[in-house]
Every structure is written in structure tokens, then in C-alpha cells.
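This report describes a sheet, a residue in a helix and a group of aromatic rings. Please keep the sequence and the structure in view while reading.

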Amino acid sequence: MKKAFVKTENYARFAAGVKAVEQRGAAEAGMMLVHGQPGYGKSHIVSRWAEDAGAIFLRANVDMTPKYFLTELCRALNIDSRGTAQQLFDRALRVLVDRQCPLIVDEAEFTLRDNAAVLEKVRDFSDRAEVTVVLIGMEQIQRNINRFKQISSRIAQVVEFTPCTAADVALACKQLCEYELTPALSAEVLRLSAGRMREVLNILAGIERLAKDNGLQGALDVAHFEGVALAHDWQSRTAKKVRKAA
């Protein structure tokens, strides 16, 4: 597999959402919510953007508390992570104000425990440092955050990640695969993956491996992989096989 970053339609919507937040009128409305089902590329796309933007990327944990969050934030900022919660907050706030770097919190569902105690800290940083904050979560997170109006009112943009399109898969095949794939095989990759980019990558890796093992040359087509299991349906516990060529 080649190393490249595929700018899918989900990426385009995310980038547009970030731009809208950065150009907001109300300084306190600096939060953005990214949500969607697993495997649609949320964390991968946002973490890549974080690298380019110099953002701080944190992943919340099931047992996260406000002090735990502040400690992790200070470590990510490469500053002293010792002291009381107030000392950690003040220290991190000074750095965020100075650097004006965006803050990203993945697995944001875990910030909603104890009446959203951790997310309230995130909101404080967004309000006082006036930095862009991106929250990443599963599809139900928007409904859960809506229970906390002092937080939901500060979310300026909501971007839902959806299944990748035929154009997304074709682009991934072109940019990542060592072999050329025919449109028919690219369409089969989309069907087998159910639009999950994570599965697309796994399927392309399998296609490359089989092509190399069998010494295949030229453009790869559905006929080369008829009946081959390239994916797995974990719910039904059955293999997902390539269909017969038309």
C-alpha cells in the first residue's frame, strides 16, 4: 500500500466546518462536533488535520475525571503536569491563549460523565482562550450533548461522517493501491466495505497481497477475485465474498 492521505467527501465537509467555526462571529461559539458510525474515518481525518494545524489531540477515557483530563492536556502541551486541578487549568490556559492552537477531544462520549464535568472544563478553555475545539463522538453524541444547553449552545458546527462514496473509493484505490483496479472492482470494494473507509483499506491490502501471491499483472478486475472472501460481517459472522463478474 502506498502512503497517502485521501481527501474524501467527509474530509471536505469537515474542512468546511472548521473554516466556518474559525470565521464565527460570536467568540464563545468556538466548538465543533464531529459524529458518525465507527469506521467512517472520523479519528483518522481529524488527527491528520490536527498535525497540519498544530492542534492538540486528546482521547478521552471511560474513567476520565476533570483532574485526569487536565493532567493529560498539560502533558500534551509539554508543560508541568503536577499540582492541583486549578494550577493545571491556569497553566494550560496560559499556553492555549499564547499558542492559539485548536483542541481536539476524541471519544468525547466519555467527557459526559458526572453531569459533563470534563466537557465543562473543555468549554472553559474554549470560552477563555477562544480557540477552536473539535469534539469527536459516535452518532448519538449530539443528542446527549443537547441535554447540556450551556455547552450545546457553543457548538457552531456539526459535521456528520457518512459512508464513503464511489468517488471516495475510486480515489483511495488510485492513491493507495499498488495496482490499478477496474471500475467494476472498485465498485465491489465499496459494496464489501459497506462504505467504511477502515474496511476499504483492509480490502485493498488483501487485494494487493493476493495479486502479488498470484503474480497478477495489469489492471485487476472482479474476475481475478470471484468468490474470494475479502471482508467479514462481524454481526452475522459470515465472510463477504467478491461476486461473480458480470
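A residue counts as buried when its relative accessible area is under 20%. Phe125, at 0% relative accessibility, is therefore buried. The model discussed here is a predicted one.

**Aromatic pairs**

A pair of aromatic rings is described by the distance of the centres and the angle of the planes. The count of aromatic pairs in this model comes to four. Two of these are set out below.

| Pair | Centre to centre | Angle between planes | Arrangement |
|---|---|---|---|
| Phe5 and Tyr11 | 5.4 Å | 80° | edge-to-face |
| Phe89 and Phe125 | 4.4 Å | 25° | stacked |

Phe5 and Tyr11 are both buried.

**The sheet**

Strands of a sheet pair through backbone hydrogen bonds, either parallel or antiparallel. In this model, five strands make up an open sheet in the order β2-β3-β4-β1-β5, and their pairing is parallel. Its edges are formed by β2 (56-59) and β5 (155-160), each of which pairs on one side only. From one strand to the next, the twist averages 15°.

Four bridges join β2 to strand β3 (residues 103-106) in the parallel sense. Within this region, Phe57 is positioned opposite Ile104 of β3. Helix α2 (residues 42-53) packs on the sheet, where it touches β1 (31-35), β2, β3 and β4 (133-137). The direction of helix α2 makes about 160° with that of β4.

**Asn10**

Where is Asn10 placed? Asn10 is found in helix α1, which spans residues 9-22. Its relative accessible area is 3%, so Asn10 is buried. Beyond its neighbours within four places in sequence, Asn10 is in contact with Tyr40, Ile45, Glu160, Phe161 and Thr162.

Conventions. Residues are numbered from 1 along each chain as its sequence is written. This is a predicted model: local features need pLDDT of at least 70, side-chain atom pairs count only at pLDDT 80 or more; totals for chains, interfaces and linings use all residues. Side-chain values use heavy atoms; hydrogens and water are left out. Two strands pair if DSSP finds at least two bridges between them. Helices (H or I, at least four residues) and strands (E, at least two) are DSSP runs, numbered from the N terminus. Axes are lines fitted to C-alpha atoms, for helices over the stretch in contact, and angles run from 0 to 180 degrees between N-to-C directions. Contact means heavy atoms within 4.5 Å. Buried means under 20% relative accessible area, exposed over 50%, partly exposed in between (1.4 Å probe, protein chains only). Rings of Phe, Tyr and Trp (its six-membered ring) pair if their centres lie within 6.5 Å; planes under 30 degrees apart count as stacked, over 60 as edge-to-face and the rest as tilted.
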